[in-house]
Amino acid sequence: MDDLLKLERSVRSIYATTLSMLASRYRFNLPISNKDVPGSPRVLFLGNHSSGKSSFINYIAEADIQESGMAPTDDGFTLITFGEKEETLDGQTLVSHPELDYQDLANLGPEFLAKLQFKTYPSENLRQLTLIDSPGMIDSASSHQLRSYDFRQCVRRFAESADLVLFFFDPDKPGTTGEAISIFTRQLAGIDHKLLIVLNKVDLFDNIRDFARTYGTLCWNLSKTIPTKDTPRIYTTYLPGFATRPLEGNTKPIPLEDFDISRDEVVSEIMRAPARRADNLVSGLLSQAHRLAVHVKVCLEAVTAYRRLINRLWLAFYGIVTLCAGATWLTRSWWLKPEW
Ligand SMILES: Nc1nc2c(ncn2[C@@H]2O[C@H](COP(=O)(O)OP(=O)(O)OP(=O)(O)O)[C@@H](O)[C@H]2O)c(=O)[nH]1
Ligand SMILES: [Mg+2]
């Protein structure tokens, strides 16, 4: 963590000195986003309502921090991180807290802050992480009645600053929720390098045909939203506590052992968030430096071309003036001689 902090400080100082100096000189709009620099590595949990986001967070934290239930449970975002004692702060307190780096969340509006929560818990797994739980995506008769704040803007904002984004689907709604699909297409565009798609609750499938049909439906729906020719990797998993289901009359349930491997992979991706953060910081800096270098090159080329043009114009002007002067001299000296 110390190394990560050192790296963050170095990245911040390169932004603040070299890049911003060049950027202001060449009038380049450098997005020095404070939101991208401070704070612990962030993992954002998105997905359909009741797809198991909060339960998965509790599983990682090894504690019942978030409420879970079949009906839509969360209606605001919750940031969960390590703390010596269990504590909950509301949104307004969080953004005005001098020691916590979340002041810029105030831009998302008072309605958003009213639903925002910040929780700390003494769990070792959270020591290097901030997990962000989000309200589940739903379909409603009218999109205006969905939430009191701009949910899409908040998703975009959190997704930009997250180091890993997990998108949860469940067997009930495999990519069939309008809000989930539209968020996928618009707000998550361009961040696919940090996106993991999870088909959760696979213990609910009664047989392999059921699983294949649902998996196919999810791929079919995703293919309409992700503009790549390959199917994205989908992690199929479930939480261990749910594996003990009754097998009434079902002689061949799907074997769940393989899905345990998938869950371990998701967990290790979450635990690898600090390494991802280091990658993201360096690649973000490189990409901004590259964009700035291209901008500076274009500016310099434009200035050179402009100077060349001005020089040519002056040359042409001097040529014309010289020609005119020569012509006047010739006219005076030869044509207008009195003896002619
Ligand atoms: N069968 C099964 N049920 C699960 C699993 N994970 C969570 N659940 C149950 O699914 C229901 C919804 O879980 P939540 O964790 O509240 O889901 P959520 O995505 O946070 O829901 P919202 O906050 O409403 O968006 C709860 O009743 C959980 O007990 C799983 O792996 N298998
Ligand atoms: Mg929840």
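In this predicted model, Lys-201 occupies the loop that connects strand 7 and helix 7. Its phi angle is near 60°, a positive value in a residue other than glycine. Lys-201 counts as buried, because its relative accessibility is 18% and the limit for burial is under 20%.

Glu-62 also has a positive phi, near 55°, and is likewise a residue other than glycine. Glu-62 is found in the loop between helix 2 (53-61) and strand 2 (78-82). With a relative accessibility of 63%, Glu-62 counts as exposed, since exposure requires a value over 50%.

The accessibility values of individual residues are set out below.

| Residue | Relative accessible area | Class |
|---|---|---|
| Glu-62 | 63% | exposed |
| Cys-154 | 1% | buried |
| Lys-201 | 18% | buried |
| Cys-219 | 18% | buried |
| Phe-317 | 46% | partly exposed |

**Nonpolar core**

The largest nonpolar core comprises 46 residues, of which Leu-44, Phe-77, Leu-79, Leu-105, Phe-112, Phe-167 and Leu-188 touch the most other members. At least two residues of this core come from each of several elements, including strand 1 (42-47), helix 4 (110-115), strand 6 (164-169), strand 7 (195-199) and helix 7 (208-223). Helix 5 (151-161) is also among these elements, and with five residues helix 5 supplies the largest share of the core. In soluble globular proteins, nonpolar side chains tend to be buried together.

**Cysteines**

A disulfide is a covalent bond between the sulfur atoms of two cysteines. Zero disulfides are found in a search of the whole structure. Among the cysteines, Cys-154 is buried, with a relative accessibility of 1%. Cys-219 is buried as well, at a relative accessible area of 18%.

**Helix 9 and the annotated segment**

Helix 9 spans residues 273-335 and contains Phe-317. Together with Trp-314, Tyr-318 and Val-321, Phe-317 makes a nonpolar surface patch of about 440 Å².

An unreviewed UniProt entry annotates residues 313-335 as "transmembrane region". In the model, the span 313-335 is 100% helix and 0% strand, and its end C-alpha atoms lie 31 Å apart.

Technical notes: Residues numbered from 1 in each chain as written. Chains lettered and ligands numbered in written order. Predicted model: local features only at pLDDT ≥ 70, side-chain atom pairs only at ≥ 80, totals over all residues. Heavy atoms only, no water. Patch = residues over 30% accessible without salt bridge, like charges linked within 9 Å, V, L, I, M, F, W, Y side chains within 5 Å. Areas by Shrake-Rupley, 256 points an atom, 1.4 Å probe, with all protein chains shown as cover. Salt bridge = Lys/Arg side-chain N within 4 Å of Asp/Glu carboxyl O. Helix = DSSP H or I, 4+ residues; strand = E, 2+ residues; numbered from the N terminus. Buried < 20%, exposed > 50% of the residue type's maximum accessible area, 1.4 Å probe, protein only. Disulfide = S-S within 2.5 Å. UniProt positions renumbered as here; feature names shortened; annotations may be inferred. Core = buried A, V, L, I, M, F, W, Y, C linked by side-chain atoms within 4.5 Å.
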